[in-house]
Amino acid sequence: MKINSLCVIGLGYIGLPYAVTFAAHGLNVHGVDVNPRVVQSLQAGKIHIHETGLQDVLDEALRVGRLTVSSQPVEADAFIIAVPTPFQREKFGEYNGIRFKLADMRAVASAAEAILPFLRKGNLVILESTSPPRTTIELVAPILERSNLRAGIDFHLCYSPERMLPGNLLYELVNNARIIGGITPESARAARDLYKTFVQGEIHETDATTAEMVKIMENATRDVNIALANEFARLAEKFGVDVWEAIRLANLHPRINILNPGPGVGGHCISVDPWFFVEAAPEVSSLIYQARKVNDEQPRFVVEKAQQAFGELRNKRIAVLGLAYKPDVDDLRESPAVEVVRLLQKDGAIVRAWEPFAPSAKLEGIDMAADFDSAIKDVDAILLLVSHSQFRSLDPASIASKTNARIAIDAVNAWNLKDWQAAGFSLHRLGDAKSK
Ligand code: SAJ
């Protein structure tokens, strides 16, 4: 299928890289977002998220005159839906005494409804948002068929999961293997023709529900593996072991690859998607559910570490370094670091947080420092929650000259024990009960 024009619904971390990359490769792209600030910023030629290289591709897309942005779709040969699928904040599901989070699919439903007036015979519609199994055939197809066009007959419909890693989006967009699940083989083939515009990874065609399941399986696998690493950190502290040393040694085994413990699992993907399985089939998702619980409890484990370092948290002044959900990104969604701050505050600590990738972020009830130096000045301890490159390379001797704190807590294994001790700090590392 020859595709000349594309409409991308949702211009966040996923939709925006697609929109600009397709435009830079010669398609006429129209990007749509419900957030007026996003639309204004892109219309003014500025990206609204931090991602290396993305501004350059936007510049190129605008230079070649192939990208327009507004709050409404337009007619196009193909449509990509890349909107968030978070979980519901107020409502929970229950099964046999376990309580689980529920997917909020309203953005997907509204995106499909927004396309409806512009859908024409022969179009291709692709859902990319991570979605519970059967969303394409049970939620998206019925909405689009209100046009009186039939999915798979009059228009092509696919699910093709985005799988790129924030922080490495532009490389993975092009080079990752791609899974396309068509509601018919012809639909999958049409989407293949579209992605071939720039995708260099292998492209595999399957059905829509398999593609949906593949995506959630990937993120559930990572979640379970991180939960295991977090549990190992708790066990190591019980046995007087340094978990980081133990993991390094275990990973010498040719078939073992233990991930890193940390303050928990955040972001809008791995901390959310496994719930889609639990919600859909709690009776057969007990391991996935337990992993979610372990990872959600990890911020509390970090707070206990801080408690051990101080004895008592009440009125202790703590500088928290890092609020993003992971290193070198500006994304604070579902961040375990934010949860750690809230728990510290609940226990009476006075927290000042510094997030270099989002210095002007506003989080209710959290005191954000204006810069690094003011964050660490006049505090009793420094707590590192995110392994941003700039935090890893901090020089403890220079820190010692800028702060009264002599207690440092490292929840991400970024700092060298001997260097920090030599600079006069007592360094407490998550999962390390050996170096005490
Ligand atoms: N984390 C750990 N320990 C680790 C690795 C990660 O605690 O060893 C934490 C991170 O700090 C973060 C969370 O897990 O809080 C998730 O980070 P991540 O880098 O594992 O993944 P995401 O959420 O940024 O991106 C994932 C990726 N999925 C997989 O690697 C299977 C990405 O490929 C997906 O495209 C993305 O989810 C998505 O959009 O679904």
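## Pockets, rings and loops

Q: By class, how many nonpolar, polar and charged residues line the second largest pocket?
A: A pocket, on a 1 Å grid over the protein atoms alone, is an open set of points with protein on both sides within 12 Å along at least five of seven lines, and lining residues have an atom within 4 Å of a point. Ala, Val, Leu, Ile, Met, Phe, Trp, Tyr, Cys and Pro count as nonpolar, Asp, Glu, Lys and Arg as charged, and the others, Gly among them, as polar. Sorted that way, the lining of the second largest pocket has 20 nonpolar, 11 polar and 8 charged residues.

Q: What pLDDT do local features need here?
A: Residues are numbered from 1 along each chain as its sequence is written, and side-chain values use heavy atoms, with hydrogens and water left out. This is a predicted model, where totals for chains, interfaces and linings use all residues, side-chain atom pairs count only at pLDDT 80 or more, and local features need pLDDT of at least 70.

Q: Which element gives the largest share of the lining of the second largest pocket?
A: The volume of this second largest pocket is about 950 Å³ (the space filled by probe spheres set on grid points, which are joined across faces, edges and corners). Its lining has 39 residues, and R222, I226, I270, K326 and P327 are the closest to its centre. Two elements each give two or more residues to this lining, α8 (208-239) and α12 (336-346) (helices, H or I, of at least four residues and strands, E, of at least two are DSSP runs, numbered from the N terminus). With 8 residues, the largest share comes from α8.

Q: Which residues lie nearest the centre of the largest pocket?
A: About 1,200 Å³ of space lies in the largest pocket. Its lining takes in 17 nonpolar, 13 polar and 8 charged residues. Of the 38 lining residues, those nearest the centre are G12, Y13, D33, P84 and R333.

Q: How many residues does α4 give to the lining of the largest pocket?
A: Around the largest pocket, α2 (36-43) and α4 (106-115) are the elements that give two or more residues to the lining of the pocket. The largest share belongs to α4, with 4 residues.

Q: Which residues line the largest cavity?
A: A search of the whole structure finds 1 cavity of 30 Å³ or more (a set of points where a 1.4 Å probe fits but cannot get out). The largest cavity has a volume of about 70 Å³, and its lining is made of 5 nonpolar, 1 polar and 3 charged residues. Those residues are Y18, P161, R163, M164, E172, L173, N176, A177 and R178.

Q: Over which ring does the charged end of R178 sit?
A: R178 is one of the residues lining the largest cavity. Its charged end lies 4.0 Å from a ring centre (the cut-offs are NZ of Lys or CZ of Arg within 6 Å of the ring centre and within 35 degrees of the ring normal). Y18, F22, Y195 and F198 form one aromatic cluster, and the ring under R178 is that of Y195.

Q: How are the rings of W415 and W420 arranged?
A: The whole structure holds 7 aromatic pairs (rings of Phe, Tyr and Trp, its six-membered ring, with centres within 6.5 Å; planes under 30 degrees apart are stacked, over 60 edge-to-face, the rest tilted). In one of them, W415 and W420 are 4.0 Å centre to centre with 20° between the planes, which makes the pair stacked.

Q: How many of the residues of α1 are buried?
A: Helix α1 covers residues 15-24 and is mostly covered. Of the 10 residues in α1, the buried ones number 9.

Q: What is the relative accessibility of D328?
A: D328 is found in the loop between β11 (317-321) and α12. Its phi is positive, near 60°, in a residue other than glycine. D328 counts as partly exposed because its relative accessible area is 27%.

Note on methods:
Buried < 20%, exposed > 50% of the residue type's maximum accessible area, 1.4 Å probe, protein only.
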